[in-house]
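Subject: Structure handover

Hello,

Here is the structure, with the sequence alongside. My notes follow below it.

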Amino acid sequence: MKSDMYSKFAQQYDEAVKGNIYNALFERPNLQAMLGDIEGKNVLDLGCGSGVYADYFLNEGAMSVTCLDFSAEMVNIVKNKFDQRVLAYVQDLSEGLPKEVDGQYDVIVCPLVIHYLKDLTTLFNDVHRVLKPGGYMAFSTHHPFADFECSTSGNYFDTELVQEEWNTVGTPVQVTFYRRPLVEITNAVTNAGLSITQISEGQASEAIKQACQQTYERLSKNPNFIFIKCQK
Ligand SMILES: C[S@@+](CC[C@H](N)C(=O)[O-])C[C@H]1O[C@@H](n2cnc3c(N)ncnc32)[C@H](O)[C@@H]1O
């Protein structure tokens, strides 16, 4: 499933995620807490969006940063922001990583992307292929328990295309994505030959409490995103 909304609202997305609660104060600190020392590492950013993670990796001293996204608009924003400092190109991740050679990356991230992919097998097989031995991937996605609220089948074990209205870009937008059982995600990882080394459900921080008490309460008591680290 290819999401048009990220192309249509690429600039608005870039503005919104700089300081909003769900991306800047919740998702990024929790996923970045799973990443070790980035200095001198070759990093691959899958579903890079407008480059907020690329910015982090460059500031942390990565040796190289490669950014892939389905949206040409997002890739252009990344190229304009970082010029030669990153390699960025358009790639539909449901087709895997056909342009990437084997065993070249120390670290791969894939923040808030896999819920747009119908099948995870091709991508995770390629993640295993392009990681160096001992290299790792950290990714985040919608928590399957949270997404079950969107189910139309009522069967948690189904994989379903569902719709929700979001306000991330400052205007209500219908977003379509896949909800799936937790085991479909973990099986895609382990069947590819990767070992899961850490799972987090995210912690709501003091910064979120300061920004919005109501959202803090919600994120403190309900699952929202899940964060998984896996190693080759
Ligand atoms: C929620 S945004 C996350 C962007 C970025 N990782 C971040 O944390 O800001 C989801 C991104 O996934 C990209 N995306 C959706 N489907 C994709 C696909 N099939 N292949 C590659 N990228 C995809 C979208 O274009 C969008 O940039």
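I started with D106, which touches G40, K41, N42, L131, K132, G135 and Y136, leaving aside residues up to four places away in sequence; contact here means heavy atoms within 4.5 Å.

This is a predicted model, in which local features need pLDDT of at least 70 and side-chain atom pairs count only at pLDDT 80 or more, while totals for chains, interfaces and linings use all residues. Residues are numbered from 1 along each chain as its sequence is written, and side-chain values use heavy atoms, with hydrogens and water left out.

D106 sits in strand β4, residues 105-111 (strands are DSSP runs of E, at least two residues, numbered from the N terminus). D106 is buried at a relative accessible area of 16%, buried being under 20% with a 1.4 Å probe and protein chains only. Its side chain reaches the backbone nitrogen of N42 at 2.7 Å.

A polar side-chain atom of Y13 lies 2.8 Å from a ligand oxygen atom, and one of D69 lies 2.6 Å from an oxygen atom of the ligand. For F70, a backbone N or O atom is 3.1 Å from a ligand nitrogen atom. The protein covers 98% of the 600 Å² of accessible area that the ligand has on its own (Shrake-Rupley method, 1.4 Å probe).

Regards

Notes:
Helix = DSSP H or I, 4+ residues; strand = E, 2+ residues; numbered from the N terminus. Buried < 20%, exposed > 50% of the residue type's maximum accessible area, 1.4 Å probe, protein only. Polar contact = N/O pair within 3.5 Å; in protein donor to acceptor, adjacent residues only side chain to side chain.
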